[in-house]
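Q: Got a model on screen and want a quick tour. Can we start with the overall build and then go to the sheets and the contact between chains?

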Amino acid sequence: MKLLYFAWVRERVGKAEEEIAPPADVATVADLMTWLAGRGEEYAHAFEKRKVIRAAIDRVHVKPDTAISGAREIAFFPPMTGG
Amino acid sequence: MITTIRLQSEDFDAAAEAAKLSHGRTDIGAVVTFTGICRDHEGGHGVSAMTLEHYPGMAEDEIARHVEDAKRRWPLLGATVIHRYGRMQPGDNIVLVVTASAHRQAAFAAADFLMDYLKTRAPFWKLEERPDGTGWVEAKETDDSAAARWQAKPGAAAE
């Protein structure tokens, strides 16, 4: 699946997008954040405030307990500040 | 109903967009226009410029979902939402919401509703240029509570 990062999540991870294949036991958005946080220092830094980070699956806002199976595109970003 | 949703880096003409919405129609009795403009200060510090980052695939979809929601809540006859991205300086336009209806209450309420949701649900992020460097704008609780009031009593805010 494709991951996208925006704003300070993108800056901390050091890239805007990447393709990943997480293990089968990574079932939810929250699981995915925990798994990503273990991939290295930059990810640990990006996902240290996990409760603050928002997610979207296939361009729709989702909650942390949402299942990721079948997702093509998952985005992680800080709370939005548009308008 | 005429709906226009645009994401663009270039500026917009608020008066021209408002005129477009009611042009040639006699059923529209109210047009409300809201323009959000880049300020030179925020929370006690100066802002010399800001860059708006957005999620290109999702921002348009998310705005369209909220316009649909507004249509279900109020008898709208037209709606235009234009959100800019890229670098902006104080005085530059950032966002435009225009709503049209037969009566003013629906037009005012729908514009208010759309702005509250743009601020809290549309995937945009502001990076400010401040005297001491750059910094991401933090989401405000006042914006969250402004958006939450539309959930508390669905439709009630229409009156």
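Q: What radius of gyration would a compact globule of 83 residues have, and what does chain A have?

A: First, a caveat: this is a predicted model. A compact globule with 83 residues would have a radius of gyration near 12 Å. Chain A has 12 Å, so the value agrees with that of a compact globule.

Q: What box do the C-alpha atoms of chain A fill?

A: Roughly 35 × 30 × 20 Å, taken along the principal axes.

Q: And how much of chain A is buried?

A: Buried residues account for 28% of the 83 residues in chain A.

Q: What about contacts in chain A between residues at least 6 apart in sequence: what share join residues at least 24 apart?

A: That share is 52% in chain A.

Q: OK, secondary structure. How many helices and strands in chain A?

A: Three helices and five strands. Read from the N terminus, the elements of chain A go β-α-β-α-α-β-β-β.

Q: In what order do the strands of chain A sit in the sheet?

A: The order is 2-1-5-3-4 in chain A. The sheet is open, has five strands and shows mixed pairing.

Q: Which strands of chain A are at the edges, and what does that leave?

A: Strand 2 and strand 4 (60-62) of chain A. Each has a single partner strand, so one side of each has no neighbour in the sheet. On average, neighbouring strands of this sheet are turned by 25° against each other, direction ignored.

Q: Mixed pairing, you said. Which way do strand 1 and strand 5 of chain A run, parallel or antiparallel?

A: Parallel. Four bridges join strand 1 of chain A to strand 5 (residues 73-77) of chain A. In that strand 5, E73(A) stands opposite K2(A).

Q: And strand 1 with strand 2 in chain A: parallel or antiparallel?

A: Antiparallel, over three bridges. Strand 1 covers residues 2-5 of chain A and strand 2 covers residues 17-19 of chain A. L3(A) has E18(A), in strand 2 of chain A, as its bridge partner.

Q: How many bridges join strand 3 to strand 5 in chain A?

A: Four. Strand 3 (residues 54-57) of chain A and strand 5 of chain A run antiparallel. A55(A) stands opposite F76(A) of strand 5 of chain A.

Q: Switching to chain B. What is the strand order in the four-strand open sheet there?

A: It is 7-5-9-10 in chain B, with antiparallel pairing. Strand 7 (86-88) and strand 10 (133-136) of chain B are the edge strands, and each pairs on one side only. The twist from one strand to the next averages 25°.

Q: How many bridges between strand 5 and strand 7 of chain B?

A: Three, in the antiparallel sense. Strand 5 of chain B spans residues 49-54. One of its facing pairs puts L52(B) opposite G86(B) in strand 7 of chain B.

Q: Last topic, the interface. How many residues of chain B are in contact with chain A?

A: There are 21 residues of chain B, in contact with 14 residues of chain A.

Q: Which elements of chain B give two or more residues to that side?

A: Helix 2 (56-73), helix 3 (104-120) and strand 9 (124-130) of chain B. Helix 3 of chain B gives the most, with four residues.

Q: And how does that side of chain B split by class?

A: It has 12 nonpolar, four polar and five charged residues.

Methods:
Residues are numbered from 1 along each chain as its sequence is written. Chains are lettered from A and ligands numbered from 1 in the order in which they are written. This is a predicted model: local features need pLDDT of at least 70, side-chain atom pairs count only at pLDDT 80 or more; totals for chains, interfaces and linings use all residues. Two residues are in contact if their C-beta atoms, placed from the backbone, lie within 7 Å. Ala, Val, Leu, Ile, Met, Phe, Trp, Tyr, Cys and Pro count as nonpolar, Asp, Glu, Lys and Arg as charged, and the others, Gly among them, as polar. Two strands pair if DSSP finds at least two bridges between them. The radius of gyration is taken over C-alpha atoms; the globule rule is 2.2 Å times the number of residues to the power 0.38. A residue is buried if 20 or more other C-beta atoms lie within 10 Å of its own, exposed if 12 or fewer, and partly exposed in between; C-beta atoms are placed from the backbone. Axes are lines fitted to C-alpha atoms, for helices over the stretch in contact, and angles run from 0 to 180 degrees between N-to-C directions.
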